[in-house]
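Thanks for coming, everyone. Have a look at the structure on the screen, and I'll walk you through its sheets and a few of its helices.

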Amino acid sequence: MPGDNPFLDPQRFERRIEPCVVVIFGASGDLAKRKLVPALYRLAYERRLPPGFAILGVSRTPLSDDDFRAKMKESVQKYLENSPFDESLWNEFARGLFYEAGDIGNTASFVELGKRLDAVAAERNTSGNVLFYLSTQPSQYGPAAAGLGKAGLAKQDKGWRRLIIEKPFGHDQQSARELEVSLHEFFAENQLYRIDHYLGKETVQNILAFRFGNPIFEPLWNRNYINHVQITAAESIGVEDRIQYYQDAGALRDMIQNHLLQVMATVTMEPSAVFEATAVRDERAKLLRSIRIWKPEEVMENTVAGQYGPASIAGQNVVGFRQEPKADPKAKTDTFAAATFFVENWRWADVPFYIRTGKRMPKRVTDIAIRFNSVPHSLFKTMSDGEQIETARPNVLVLRIQPEEGISLRFSSKQPGAGMTLRPVSMDFNYGSSFGVRTPAAYETLLLDAMLGDATLYTRQDMVEASWSVVQPILDTWAARADDPFPNYDAGTWGPKASDEMLARRGHTWRVP
């Protein structure tokens, strides 16, 4: 039987989802086809969706229900990862798929949507519970929320109503505040779910379990034992078909302002009194507000912007960003961004946090490397040409987020043979080999939580504002610089030389993942 899995998370399984309908705006777009519908199908495969469940796709393209079902079947078969496709299960799942053509800019579309929701509720017994998912351009978030509100679809008189929006949450600090006002005009904060798929990844969630569930590590998790932390999110590909969005956003906005600052907050937050959405998010928000905000004169010393240029990779010529199709040949877009941050509290005072992200790097990898202090006095040294050489290397804990999720700890061990020569060895934990089960995709976890009303892994408005407060001075300083150093790193390398120099000023070097 599909879904017969004895290793399912019992706590999540016991929290039954109420009957509901998921309304996907932008249902003909890539996100719906690649991520959302395959994730919901997988939840159906795991038998986590209630009998009273439905999906209502909305976009401007005219389609019948059957046309929509056929397109979604094709997408699920193509994009379902590490899971079997079950024809009988799909037929059952597809009976709950519906489609409504509509335009967010047309008030009448929301009136028709309301009528269709009533019809779906009657057919599928969804009890009036609706999860709206805005898989659209960010510019449409405000108009969509207003359209739903004016049509009375945000009211929770017939059941719960929740709204999911994708990042970016604003283009800058001012637009983020304007978005907040437009969303809150019709939706209360507890109805809003700002999705950050990085927080749905197992390793990111496991940071909390690793820290607060193991007394071995938490006593070491502070400035007394940790020397510095590096967070890397590298992509080997270029911008591909995201050129229109990426050229305007850049790496700092696209990755650091949201994903990586949230990851940093999860690594560094204080323990909450209870594992509950408000308490956990309170601690993450408090940490984000503790990050030192760079003054304009400090920005260039503690941040680096980069853009990849043409190069030859594995014998193939790769174009630079400015030569990408539809790119501005004079674009100042940052395809690489690195920054040094400090957390101004007792736990983390003076510990640097280095964050970098970029396109066209040597490999695709996202990880967190926590480098512990060296021993105060080493007993183990070897001789070479009359000089003493330290053989013990600092301990490093690496939390791997992608492509393979896991944790490794590097420590020193005696090398076999005569003498006391140390060499680094690693102790590795891998999700797949340790548990023998498939790791759920981030969107599965986050969609499930939204339907359950659990906002623990979602971003709150005060967290959005705090992260923009950190990033905005950097953006302003970069925009005001007179020179244009781009491109300043070759495709297939680890970024501009200035990134290495930023760490070298504090006696550190980037770890090679």
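Let's start with a question: how many bridges join strand E4 to strand E5, and do they run parallel or antiparallel? There are 5 bridges between E4 (residues 130-134) and E5 (residues 161-166), and the two run parallel. If you want one spot to look at, leucine 131 sits opposite arginine 162 in E5.

Quick housekeeping before I go on. This is a predicted model, where local features need pLDDT of at least 70 and side-chain atom pairs count only at pLDDT 80 or more, while totals for chains, interfaces and linings use all residues. Residues are numbered from 1 along each chain as its sequence is written, and side-chain values use heavy atoms, with hydrogens and water left out.

The names come from DSSP runs, numbered from the N terminus: helices are H or I with at least four residues, strands are E with at least two. Two strands pair if DSSP finds at least two bridges between them.

Okay, back to that pair. E4 and E5 belong to an open sheet of 6 strands, in the order E3-E2-E1-E4-E5-E6, with parallel pairing. At its edges are E3 (97-101) and E6 (192-195), each pairing on one side only. Neighbouring strands here are turned by 20° against each other on average, direction ignored.

What fraction of its residues is buried, meaning under 20% relative accessible area with a 1.4 Å probe, protein chains only (exposed is over 50%, partly exposed in between)? It's 7 of the 7, so E13 is largely enclosed by the rest of the structure. Pro352, Tyr354, Arg356 and Gly358 point one way, while Phe353, Ile355 and Thr357 point the other.

E13 has a partner on either hand. With E7 (residues 226-234) it pairs in the parallel sense over 6 bridges, and threonine 232 stands opposite arginine 356. With E12 (residues 336-342) it runs antiparallel, joined by 7 bridges, and there threonine 340 faces tyrosine 354. E7 also runs antiparallel to E14 (residues 365-372), with 8 bridges.

On to helices. Two packed helices are described by the angle between their axes and the distance between the axes. Axes are lines fitted to C-alpha atoms, for helices over the stretch in contact, and angles run from 0 to 180 degrees between N-to-C directions.

Take H10 (residues 277-289) and H14 (residues 461-480): they pack at about 15°, with axes 9 Å apart.

One more pair to finish: H6 (residues 141-150) and H7 (residues 173-184) pack at about 15°, axes 8 Å apart. Here Tyr141, Gly142 and Ala145 in H6 meet Leu179, Ser182 and Leu183 in H7. Thanks, happy to take questions!

Terms used. Contact = heavy atoms within 4.5 Å.
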